[in-house]
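I opened a new model today and kept notes as I went. The entries follow the order in which I looked things up.

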Amino acid sequence: MDIGRRAALAALLAAGLVPCAAARAASGASVPSGPRPPASLLGSEIRRLPTSRKVVALTFNAAWDEAGIDTVLAELRRRELPATFFPTGAFADAHPAAVRTIGAAHGLGNHSYSHPYFQDLSTAQRVQEVRRADAAIRTASGTEPLPFFRFPYSATTRASVADVNDLGYAAIEFTADTNGYLGPQGGMSAEAAAERAIDALAPGAIIQMHVGSNGDGIVLDAEALPLIVDAAESDGYTIVDLRDFLVA
């Protein structure tokens with residue numbers, strides 16, 4: 001789009017005369033074809049779901065190897081619980097069978113393609129990271145990814161959140177990270193990881209965990225998961241699916 005048309009579109013947008021989806025299409029941004037995030041999830045990073053109910057969302061990032069995935073999926077299946085997974089595009093390309101297995105039971109968000117610091121990227125580079133990851137996740141899973149984006153390193157800026165929103169994604173971060181990804185070598189244990197999640201329980205809390213390992217095969221979050229769920233449920237919390245917060 002040339003500068004003149006972009007300026008005209010911006011003026012129409014400011015006047016409320018162009019629907020947001022049409023504006024994104026005109027500007028060249030991809031528009032996810034599935035359910036859209038509600039307005040309550042746009043405009044800023046989301047670290048707690050907009051609810052006063054005693055609910056908590058379980059989320060897992062995937063960027064390394066496949067360690068722990070079968071254990072996590074088996075535990076979620078045994079308890080009939082939902083979770084949302086945020087694979088990188090590079091992970092989807094390297095482990096398509098794992099992504100397909102995850103996507104058959106749980107929602108898949110977008111965690112960028114190569115896991116860079118988004119504040120160091122231009123808008124065009126951010127768009128490329130998100131689009132490339134979306135294509136890889138779609139190809140690997142055979143499903144429609146969710147319009148949820150999680151920033152690598154949780155490194156958000158107002159500009160990068162706006163860029164992600166313009167692509168049709170809500171920026172879903174977390175209330176607490178278990179830090180299980182640090183592993184025993186980082187001074188963590190399954191019990192310590194679980195405690196970090198339990199201490200953060202509050203209405204709408206989003207817990208971030210990780211599957212995969214840095215080569216040692218140890219996935220503390222897979223061991224911590226049943227401890228977290230037991231504590232949450234005993235305190236009256238319900239595990240909810242992030243997809244419940246989408247508007248069709």
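I count a contact when heavy atoms lie within 4.5 Å. I began with phenylalanine 60. Leaving aside neighbours within four places in sequence, phenylalanine 60 is in contact with Val72, Leu76, Ala83, Thr84, Phe85, Phe86, Met209, His210, Val211 and Leu225.

**Ground rules.** This is a predicted model, where local features need pLDDT of at least 70, side-chain atom pairs count only at pLDDT 80 or more, and totals for chains, interfaces and linings use all residues. Residues are numbered from 1 along each chain as its sequence is written, and side-chain values use heavy atoms, with hydrogens and water left out.

**Overall.** I noted nine helices and eight strands. Helices (H or I, at least four residues) and strands (E, at least two) are DSSP runs, numbered from the N terminus. I took buried as under 20% relative accessible area, exposed as over 50%, and partly exposed as in between (1.4 Å probe, protein chains only). Buried residues make up 52% of the 248 residues. Among contacts with a separation of 6 or more, 75% join residues 24 or more positions apart. The protein exposes about 10900 Å², and carbon and sulfur atoms supply 53% of it. Those areas come from the Shrake-Rupley method with a 1.4 Å probe; for residues, only the protein chains shown count as cover.

**Cores.** A nonpolar core here is a set of buried Ala, Val, Leu, Ile, Met, Phe, Trp, Tyr and Cys residues joined through side-chain atoms within 4.5 Å. The largest has 44 residues. Val56, Leu58, Phe60, Val72, Leu76, Phe85 and Leu225 have the most contacts inside it. I then listed the elements that give two or more residues to this core: strands E1 (55-62) and E7 (205-211), with helices H3 (69-79), H4 (89-94), H5 (96-103), H6 (123-141), H8 (190-199) and H9 (220-234). Which element gives the most? H9 does, with seven residues. I also found a second, separate core of 16 residues, which includes Ile46, Val55, Phe174 and Leu246.

**Alanine 200.** I found alanine 200 in the loop between H8 and E7. Alanine 200 counts as buried because its relative accessibility is 15%. Beyond neighbours within four places in sequence, alanine 200 is in contact with Thr175, Ala176, Ala205 and Ile207. I also checked valine 56, which is 144 residues from alanine 200 along the chain; their C-alpha atoms are separated by 9.9 Å.

**Pocket and cavity.** I worked on a 1 Å grid over the protein atoms alone: a cavity is a set of points where a 1.4 Å probe fits but cannot get out, and a pocket is an open set with protein on both sides within 12 Å along at least five of seven lines. Lining residues have an atom within 4 Å of a point. Grid points are joined across faces, edges and corners, and a volume is the space filled by probe spheres set on the points. For classes, Ala, Val, Leu, Ile, Met, Phe, Trp, Tyr, Cys and Pro count as nonpolar, Asp, Glu, Lys and Arg as charged, and the others, Gly among them, as polar.

The second largest pocket holds about 280 Å³ of space. Its lining has 19 residues, and Asn61, His111, His115, Tyr153 and His210 lie nearest its centre. By class, that lining has eight nonpolar, eight polar and three charged residues.

How many cavities of 30 Å³ or more does the structure hold? I found one. About 80 Å³ of space lies in the largest cavity. It is lined by 15 residues, of which Gly180, Tyr181, Gly212, Ser213 and Ile218 lie nearest its centre. The classes there are six nonpolar, seven polar and two charged.

Tyrosine 153 has a positive phi of about 60 degrees although it is not a glycine. At 46% relative accessibility, tyrosine 153 is partly exposed. Serine 154 lies in the loop between E4 and H7, and its phi is also positive, near 55 degrees. Serine 154 is buried, with a relative accessible area of 16%.

**Aspartate 65.** The loop between E1 and H3 holds aspartate 65. At 25% relative accessibility, aspartate 65 is partly exposed. Outside four places in sequence, aspartate 65 is in contact with Phe91, His95, Gly212, Ser213 and Gly215.
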